[in-house]
Amino acid sequence: MAKLDDKICIIGGGPAGLSCAMYLEKKGYKNYTIYEKLNKVGGKCWSPKIKVKHNGVEEELSFETGAIMGAITYHAVSEMEEFGGYHHKGPDFKEKEPNMRREFRKIDGTIEYPFDPKKDSSLGKIFKLLKLKRQMKKLNKLMQTKYVGYDCYGHLGIAKGEYYGISKGVNGYCGATKETSFPNYIKGKNPNLKDLALPFAEFCKINHIEEVQRIWIAPFTSFGYGFFDEIPASLVLKYLDVTTALEFVNMKLWTWQDGTQAIYEHVNKKLLHPTILESEVVKVVRDGGKVTVTIKNKSGKETKQVFDKLIVTTPLDYFAKYADATKEEKELFSKIIHERYCNYIATFNEGKSPNISGYMVENMVPERLGHAMVYYNRWQYLDRDCPATVYALANHTGSKDIEYDKVMKMMDEDMKNVGFPIKDKLYAQEVYYCPHVSSKDFLDGWYDKLEALQGNKNTYYAGEIISFGDMEDTCAASKDIVGRFF
Ligand SMILES: Cc1cc2nc3c(=O)[nH]c(=O)nc-3n(C[C@H](O)[C@H](O)[C@H](O)COP(=O)(O)OP(=O)(O)OC[C@H]3O[C@@H](n4cnc5c(N)ncnc54)[C@H](O)[C@@H]3O)c2cc1C
């Protein structure tokens, strides 16, 4: 167990690293240092400011290249908001606040209404909608009965038919009492939970609820989290538990006026030790009960610092390459798969930008890998003058990866075909996204093996891999790790 005066190194100044620092402080640990390789905090919550012009008026607004939304189930993010003193907008939005309204478009640009019986009251459509409604109800019931214990953070025990973690219950702060802000864990046995290690498509099939994928696919696959034939159901349902999925359907989501990055900038300012920027951890040596970390600054100069404990919030498969990884670490981390999610913020030909966000469901299948799946219009009052972010996935287990440059071109073409010809790309990137393991490795106890390594060599693993690659799950994972090991 750690001691309050331990010197703690945190690698990464994203939501996971900053939340680790916040929770350490809440527990009385004051001797920590966060290293971040970039010149900004927030990691994949990156919200650049862009000058826009509408009706002759120029202003500067935040746009999103990474995380956009939260929901009522974002308890750990709420704690970050509270700490930083910076809060979300929504779910009821006022004018000039960024919101999540959206439409559905076919790839030829036609608008479709997959869930609106008023727009298409054909018998076939009504029958399909009724079937969907029945299966949604069934899924909700299954999760509360057959799959009791599914809705805590992380995947501990699932491969053995057990659950252990912080409850995601809607009321309260991750099950924590407000006084201590540290969680009570829920724990139990439920052999049915092993089904959660199956790919989500298979999970739906064995439960005869295949239709529900029509609801889950848009906020899951188009948000870069992979395809349902490959991603274990546990990941899908940790992020989109029934409550969160319904918040999507009912468009009751949160956004942040200055972007999600602002949450973490505010937290960083309030920390006793704000993140040390432009400091990449390039080497880690753990021996003699100490952790020696080599940090490279922006001019390439390397320095060494010695710590008692290390918290890694960054990709573990990369960590294995620059640290003195043990045989177990190397073997375990080599199993990690990540999505290649590509996006760009674009401006469009005059008066030709989308004036509302849109899903292109036809492109959310492996056969259409590399095609634009969703575009995000953030400021609807800018109407057809608003830049938009466009997103595509570049990999799928069992398909050939699509090169970055090709994905960029395919997205341009797709946007032109739906009627939104791109003028300029302002920020374009490919991100390491949604780290996870295959169903086979999941069933083989991957997450329990990671748990068994926690604390070995004074090292703790946090970040996206623990539960899921969204802001809430990463911040809650920090709360869990700090709560249990510090
Ligand atoms: C396009 C997109 C859309 C998204 N939409 C949503 C959404 O709507 N809602 C939601 O909740 N989440 C969303 N997410 C996911 C969310 O942004 C991530 O899950 C979250 O940022 C993960 O936090 P993290 O700290 O674990 O990792 P990261 O955000 O990746 O942060 C890791 C940090 O570590 C730094 N780092 C890496 N290696 C080193 C090193 N060796 N030394 C020092 N520093 C290092 C990196 O530069 C980075 O700043 C989205 C992400 C993207 C990209």
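Ala, Val, Leu, Ile, Met, Phe, Trp, Tyr, Cys and Pro count here as nonpolar, Asp, Glu, Lys and Arg as charged, and the others, Gly among them, as polar. All views show a predicted model.

**View A. Residues around the ligand.** By class, the shell around the ligand has 15 nonpolar, 14 polar and seven charged residues. Of the 36 residues around the ligand, those that come nearest are G12, G14, A16, G43 and A67. Two or more residues of the shell are given by each of helix 1, helix 5 (213-225), strand 9 (279-287), strand 13 (337-348), strand 17 (422-436) and helix 14 (471-485). Domain 1 (8-43 + 261-336 + 437-485) and domain 2 (51-105 + 337-436) each contribute at least three residues to this shell.

**View B. Packing of helix 1 against helix 8.** Helix 1 (residues 15-26) packs on helix 8 (residues 261-270) at an angle of about 35°, and the two axes are 10 Å apart. The crossing of these helices is left-handed. On helix 1 the contact is made by P15, L18 and M22, and on helix 8 by Y264, V267 and N268. Five of the contact residues are nonpolar and one is polar, with no charged residues.

View C. Strand 5 (residues 102-105) and strand 14 (residues 357-359) run parallel and are joined by three bridges. In this pair, E103 has G358 of strand 14 as its bridge partner.

**View E. Contact between domain 1 and domain 3.** The domain assignment of the chain gives domain 1 (8-43 + 261-336 + 437-485), domain 2 (51-105 + 337-436) and domain 3 (114-249). A distance of 28 Å separates the C-alpha centres of domain 1 and domain 3. Their contact takes 19 residues from domain 1 and 21 residues from domain 3. On the side of domain 1 that touches domain 3, helix 12 (439-443), helix 13 (446-453) and helix 14 each supply at least two residues. Helix 14 gives the largest share of that side, six residues. By class, the side of domain 1 that touches domain 3 has seven nonpolar, five polar and seven charged residues.

Definitions and conventions. Residues numbered from 1 in each chain as written. Predicted model: local features only at pLDDT ≥ 70, side-chain atom pairs only at ≥ 80, totals over all residues. Axes fitted to C-alpha atoms, helices over the stretch in contact; angles between N-to-C directions. Helix = DSSP H or I, 4+ residues; strand = E, 2+ residues; numbered from the N terminus. Left-handed = near helix turned anticlockwise from the far one by under 90°. Contact = placed C-beta atoms within 7 Å. Near = placed C-beta within 6 Å. Domains from an automatic or database assignment. Pairing = 2+ DSSP bridges.
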